[in-house]
Every structure is written in structure tokens, then in C-alpha cells.
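Please look over the sequence and the model shown here before reading the briefing that follows. The notes are grouped by topic.

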Amino acid sequence: MATIGRTPLAAAVRALRAELAGGPHADLGKEVSELATLLLDRELRRFATVRDPAEQELLSSLPDAAAIVGTDGRVRVCNAAFDALAAGGRAAGMTALEVTRSGELAEAVKRALEGTARRLELELPRRVLLVQLTPLLRGELLCLARDVTEERRAAGTRRDFVANASHELRTPVAAIRGAAETLLAGALDQPGAARGFVEIVARQAERLGRLTQDLLDLSRLESRQWRFDIAPVDLAVLARQVVELHAPAAEKKGLALRVEVPPGFQVRGDGRALEQVLVNLVDNAVKYTPTGGVTLAAERRGEDAIVAVADTGPGIEAHHLARLFERFYRVDPGRAREAGGTGLGLAIAKHLVQGMGGEIGVESGEAGTRFWIRLAAA
Ligand code: ADP
């Protein structure tokens, strides 16, 4: 260890004491001033590598990813959520650029280290972070990052939904307006033509009614205002009722409608919800099957009941299957609308089945499509 000559140092200490006691300004001399700077430097460097337990505890208590970035631009201390942002799971010692690979954040950190607080939304490849950079004393900065990926995604979904719903509603409204204007412009006085336009009005009004009802159901389901009364339901009886409802449509297309549910077969569910699910599935099967038939079957598998609606239709290509239960998702939009669909039937069915604590799925191939639901057997 280097030793320092006593005389100038002792004199400087005396002069400083005198200044602090109210005496004249102490001139410490070049060497002593340099020593003071070096001591401060060493202290700062020690501070930069030390993990202060109180600081660590404070960061760990924060709900967001949090880090203190040192004057050298490297993370000095951070909490576990911030560590998780780094590819290797450890952020200490890394720069903001190394942690997030975001040039935008690196630039903002540089500015913040110069003293400017910043708030920015970072779109990273797999997530969206809301970042707050606050300059601290000693030239460091506090970096808080909140993961808002889910919030931004939900907001996007809501925006898409409103846009899709408006688009769906606009079509029948435009058709009704067009037919009414044509009637008023003179077609009303031509009985032959008038009937056709009134039929358009009636058909489109019915479509509007279906759409608004489905939208209302979906909104009640998504806001959890739909009450499920779970009790044993006689599926054999329910299945027959549902199939009878679709018998006229099936007959018109020459489709065979079969029920293969053992007598007395019971599931645990909400009778009304289950009826609506089966109506939606059988309605689709009849709608999208040109020849052959539709079968509603049920079987027991352990503690579960599997209820399935299978058709002999053209099948659905595999890449559509994962998205089929999304709102307004259609394999062939033109044909589905033509067939009178709202694009909401399967989304509603999925909510209803999940509300009953069950699961819904689909498999499809050249022989046709099979939608299944799993519920607890009663
Ligand atoms: P839609 O009112 O258009 O029928 P759904 O949500 O009930 O809306 O169904 C979504 C899409 O899934 C339909 O537009 C159709 O393309 C496809 N689909 C549903 N059921 C069947 C089926 N049984 N066979 C073939 N395609 C089907």
C-alpha cells in the first residue's frame, strides 16, 4: 500500500477543519485536491459494483421489471422480472441494448443518463413493454418496464371486433335501404316487382335480428353476465329435440339426420346452453353438407361424456381448424354469409361449453367434419 507523506496531508486536514469551523477558505494544494478526487472516484466505483441489500429488496418488491442502470450504461442491480427480459436470464452487468436488443431503448437510456426522464412503448418481437426511465442522484437511472402485451392485444381484438361487427351490420342495412328506396321510387305500384323487394326486406331484417341476437349473447358471455345452472341434463331427449328442429332443412337437401345417443344418457351441464351449442353445431353441419348426412352421437369416456356432431360434408382444411372458433372467422366468407351464417355460432358455442366447465374441438378430413364437446357425465 502506498503511504502518503504526513506533512502536507496533516496541514490540509487542519486547514479544512478550520474552514468548517467558520475560518477562511482552505487552499488544499494540488496533490491533496487530486487525492480527494481519486477517493471519490474509488468510492463511486465500489458503489457501482456493490449490491446494496436494501436496494435489491426495494426493486424486488416492485410489480414491474425494474433495474438501476449505472453511469456506464450497465445494469447495476435489478429484480427477477428484469432478469427475465434478458435472453440468458441474467441482466446484471448488461447494457439495455444487450438485454432488449432495442436500439430505441439504448438511445433513451443514453438520454436519461444525461438527465432527461423518458417514457416509451417498446414493441419487441414477442412482447410490448411500457418503459419508464427516471434519472437518479449520482447520475444513475431507474428503469421500470411493464409488460403490456396482453393489454395491447386485447385492445386490438376489441377494435377488430367493433370493425367486423359494424361491417356485418352494414350489409343488411344497405340492402334494406336499397329495397325500400326502390319500392318508394315506383316499384310499389308494380305488384310483380314489389313482392321481390319486400322479400329482400324481410330476409335482411331476419339476418339483422340473428346478428344482433348473436352479438348480444356473445357480449353477455364475455362479460360473464350469463348465468349457468349446472345440473344433470337428459341428452337423449335434448338431442332428439334439436334434430327435429333441423329435420325440415335436412329433408330439403336430402340429408339423413341421425341421433345415436343411448336412452337415459345424462351429462352435467346447463340445459339451455347445451341446447344452443347443439343447435349451432347441427345447424352448421346441415348448412355446409351438400350430400350424405349428419349424426349427433354421445358416448361415455371414463368420468366424461363426449357429444359429437359429425357430417359427410367436404371437410375443412387443416390450417383453418385452429381459428374456427374465433369471432367472425369463416372458411369461405361469401358462401357462409350466403348460407345465412353470422360467423359467431362457433365462438358462442365455445364460450357456452367453457362456461359449463367443458371443452370443444373439431377434427376434419375428406370423409367430413366432426365437432365434439367434452362434459362431465352425470
Ligand atoms: P357461420 O355463421 O358462418 O356458420 P360459425 O361460427 O358457426 O359461423 O362457423 C364458422 C365457419 O366454420 C363457417 O363459416 C364455416 O366456414 C365453418 N364451418 C362450421 N361448421 C362447419 C361444418 N360442419 N362443415 C364445414 N365448415 C364448417
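**Briefing on the predicted model**

At 13% relative accessibility, Phe325 counts as buried, where buried means under 20% relative accessible area, exposed means over 50%, and partly exposed lies in between, for a 1.4 Å probe and protein chains only. The model is predicted, and for that reason local features need pLDDT of at least 70 and side-chain atom pairs count only at pLDDT 80 or more, whereas totals for chains, interfaces and linings use all residues. Residues are numbered from 1 along each chain as its sequence is written, and side-chain values use heavy atoms, with hydrogens and water left out.

**Domains**

- The domain assignment, whose bounds come from an automatic or database source, divides the chain into domain 1 (6–49), domain 2 (53–147), domain 3 (156–222) and domain 4 (231–376).
- Between the C-alpha centres of domain 1 and domain 3 the separation is 86 Å.

**Aromatic rings and charges**

- Rings of Phe, Tyr and Trp (its six-membered ring) are paired if their centres lie within 6.5 Å, with planes under 30 degrees apart counted as stacked, over 60 as edge-to-face and the rest as tilted; by this rule there are three aromatic pairs.
- One of these pairs joins Phe325 and Phe371, and it is edge-to-face because the ring centres are 6.1 Å apart and the planes stand at 85°.
- Phe325 lies in the loop between helix H11 (318–321) and helix H12 (333–338) and Phe371 in strand S12 (residues 368–376), so the pair ties together parts that are 46 residues apart in sequence; here helices (H or I, at least four residues) and strands (E, at least two) are DSSP runs numbered from the N terminus.
- Arg327 lies over the face of Phe161, at 4.3 Å from the ring centre.

**Helix packing**

- The axes of helix H10 (residues 271–288) and helix H13 (residues 345–355) come within 9 Å and cross at roughly 150°, the axes being lines fitted to C-alpha atoms over the stretch in contact and the angles running from 0 to 180 degrees between N-to-C directions.
- H10 and H13 are therefore roughly antiparallel to each other, since angles over 145 degrees count as roughly antiparallel, under 35 as roughly parallel, 65 to 115 as roughly perpendicular and the rest as oblique.

**Positive phi**

- Most residues other than glycine have a negative phi.
- Arg138, although not a glycine, has a positive phi of about 65°; Arg138 is in the loop between strand S4 (128–135) and strand S5 (141–147) and is exposed, with a relative accessible area of 52%.
- Phe328, also a residue other than glycine, has a positive phi near 65°; Phe328 is in the loop between H11 and H12 and counts as buried at 10% relative accessibility.

**Individual residues**

- Val294, in strand S9 (residues 293–301), is buried with a relative accessible area of 2%.
- Leu245, in helix H9 (residues 235–253), is exposed with a relative accessible area of 57%, and Leu245 and Asp283 are 38 residues apart in sequence and 9.3 Å apart in space, C-alpha to C-alpha.

Methods. Lys NZ or Arg CZ within 6 Å of the ring centre and 35° of its normal.
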